[in-house]
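Please consider the following note alongside the sequence and the three-dimensional view. The points are arranged by site.

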Amino acid sequence: MNPRVTSASAGDRAVRVRLDDGPELQLHAFWLRDACACARCRHPKTRQRLVEIADIPPDVRPLSVAVDAAGALAVTWSPDAHGPHESVYPAAWLRAHTSAAPVSPPRTGWDATLARRMPDLDHATLDTPAGRLAFLDAFAALGLVRLRGVPHERGEVARTAERFGHVRATNYGRIFDVASVPDATHLAYTDVALALHTDNPYRDPVPGVQLLHCLESSARGGDSVMVDGVTLAERLRAEAPDALEVLRTTPVPFRYRDATCDLRREHPMLRLDAAGTLVAIHFNDRSMEPLRLAPERLDAFYAAFRRLDALTRDPALRLVFRLEPGDLVVFDNERILHGREAFDGQTGRRLLQGCYADRDAFDSAWRMAHDES
Ligand code: OGA
Ligand code: ZN
Ligand code: ZN
């Protein structure tokens with residue numbers, strides 16, 4: 001049922017309203033005038049704002065308020081350069097903009113038991129609205145989806161990314177091959193194990209989404225390992241809140257350099273929101289540089305880092321699975337740590353094709369699919 005405004009009154013610098021049975025809301029006068037969505041304040045077609053801060057008198061006041069027939073709040077404002085201004089605020093708008101609703105989809109932390117209910121989806125279902133919604137919901141909640149039955153074609157990884165956003169090209173190319181090659185310039189392009197990490201913490205912005213498409217996996221070994229950063233942060237908060245605080249506040253320098261580039265970025269390993277849940281994790285031993293930290297703070301940093309690292313090795317948190325040809329895993333690179341076990345390049349071949357995409361496009365696709373107003 002649509003909410004309705006049940007009462008409204010004007011103060012000097014505020015408007016007080018009550019919605020159905022909710023508590024009384026105290027709305028700041030300038031804030032409310034600034035939010036007006038009439039055709040003069042917001043373009044009716046593009047929905048973008050036309051009003052600029054200088055257009056509204058700093059001492060704007062509500063002259064009168066009323067509840068209209070639809071249950072919306074109507075306000076007549078003290079005159080600006082164009083005379084008195086009338087605004088209408090639907091009750092649903094008032095409710096949405098005065099509650100602490102998250103702007104991003106809710107997340108659910110997971111551990112090793114996710115293996116028993118792996119978020120698997122058949123690639124062909126992405127063509128249906130229900131399949132697309134299932135993908136976006138699972139990706140938003142878990143930060144990870146495995147697509148199966150993906151066409152065995154080079155470049156398919158980029159076409160999958162483009163269903164939701166745009167490929168983020170980097171110095172590794174628009175797409176990159178992960179395979180063991182002679183004279184590898186990168187540990188990833190050998191057959192050794194890759195410890196859990198997030199990719200490219202040395203980049204600004206860090207790629208938000210990573211896609212890996214398996215084209216060949218006949219070599220012995222090479223299973224994939226993933227750990228959820230949301231769960232890591234929850235465990236740290238419960239078991240070692242001091243370590244969480246150190247990792248949240250200590251800038252860590254990351255760097256990648258080769259003959260063509262020198263990428264550097266300094267930021268804390270953990271970024272949390274105001275409620276204390278994880279926003280981003282940057283975890284990559286291979287690209288860390290010496291910290292510029294006073295010696296007396298290094299003990300605390302190393303202890304906290306070691307604590308987080310020990311959690312990533314807890315078998316109860318590690319999701320282990322094998323990518324087979326036709327599998328494509330899509331994951332949130334600022335949430336999910338990923339790695340692989342060593343493989344034996346003598347026993348067969350292993351070839352993944354990867355690319356990056358920006359996370360905001362995936363969040364946007366989720367909102368569009370849910371028809372958020
Ligand atoms: C990488 C990587 C995973 C794999 O190249 O950064 O994490 O399974 N590869 O080879
Ligand atoms: Zn207006
Ligand atoms: Zn990686």
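A polar contact is a pair of N or O atoms within 3.5 Å; within protein, one atom must be able to donate a hydrogen and the other to accept it, and residues adjacent in sequence count only if both atoms are side-chain atoms. This is a predicted model, in which local features need pLDDT of at least 70 and side-chain atom pairs count only at pLDDT 80 or more, while totals for chains, interfaces and linings use all residues. Residues are numbered from 1 along each chain as its sequence is written, chains are lettered from A and ligands numbered from 1 in the order in which they are written, and side-chain values use heavy atoms, with hydrogens and water left out.

1. Polar contacts of ligand 1. A polar side-chain atom of D199 lies 3.2 Å from an oxygen atom of ligand 1. For H338, an N or O atom of the side chain is 2.9 Å from an oxygen atom of the ligand, and for R340 the corresponding distance is 2.8 Å. The protein covers 94% of the 300 Å² of accessible area that ligand 1 has on its own (areas come from the Shrake-Rupley method with a 1.4 Å probe; for residues, only the protein chains shown count as cover).

2. Surroundings of ligand 1. Which residues surround ligand 1? They are V178, A188, L194, H197, D199, H338, R340, R350 and L352 (a residue is near a molecule if one of its heavy atoms lies within 4 Å of it).

3. The zinc ion (ligand 3). Its protein donors are H197 (NE2), D199 (OD) and H338 (NE2), lying 2.1 Å from the ion (donors are N, O and S atoms within 2.8 Å of the metal, or 3.2 Å for Na, K and Ca; water is not among the atoms, so sites may look incomplete). Along the chain these donors follow the spacing H-x1-D-x138-H. H197 in strand β10 and H338 in strand β20 (residues 336-340) are 141 residues apart, so the pair links distant parts of the chain (helices, H or I with at least four residues, and strands, E with at least two, are DSSP runs numbered from the N terminus). H197 is buried, with a relative accessible area of 4%, and H338 is buried at 7% (buried means under 20% relative accessible area, exposed over 50%, and partly exposed in between, with a 1.4 Å probe and protein chains only).

4. T198 lies in the loop between β10 (194-197) and β11 (209-217), and T198 counts as buried because its relative accessibility is 0%. Leaving aside neighbours within four places in sequence, T198 is in contact with residues including I281, F283, N333 and H338 (contact means heavy atoms within 4.5 Å). N200 is found in this loop as well; N200 has a positive phi of about 55° although it is not a glycine, and is buried at a relative accessible area of 3%. P205 is also located between β10 and β11, and the peptide bond from D204 to P205 is cis, with omega near 0°.

5. The zinc ion (ligand 2). Where do the protein donors of this ion lie? C36 (SG), C38 (SG), C41 (SG) and H85 (NE2) lie 2.1 to 2.3 Å from the ion, with the spacing C-x1-C-x2-C-x43-H along the chain. The arrangement is tetrahedral because the four donor atoms subtend angles of 103 to 115° (four donors count as tetrahedral if all angles lie between 85 and 135 degrees; four count as square planar and six as octahedral if opposite donors are over 155 degrees apart and all others between 65 and 115; anything else is irregular). C38 is partly exposed, with a relative accessible area of 24%, whereas C41 is buried at 2%.

6. Two polar side-chain pairs. R255 lies in strand β14 (residues 252-257), and a polar contact of 2.8 Å joins the side chains of R255 and D262. D332 is placed in strand β19 (residues 328-332). Is D332 buried or exposed? D332 counts as buried, at 4% relative accessibility, and the side chain of D332 makes a polar contact of 3.4 Å with the side chain of R107.

7. Helix α5. The buried residues of α5 (residues 229-239) are G229, V230, T231, L232, A233 and L236. What covers them includes β13 (224-228), α6 (241-249), α7 (295-312) and β20. D228 caps the N-terminal end of the helix: a side-chain oxygen lies 3.1 Å from the backbone nitrogen of V230.
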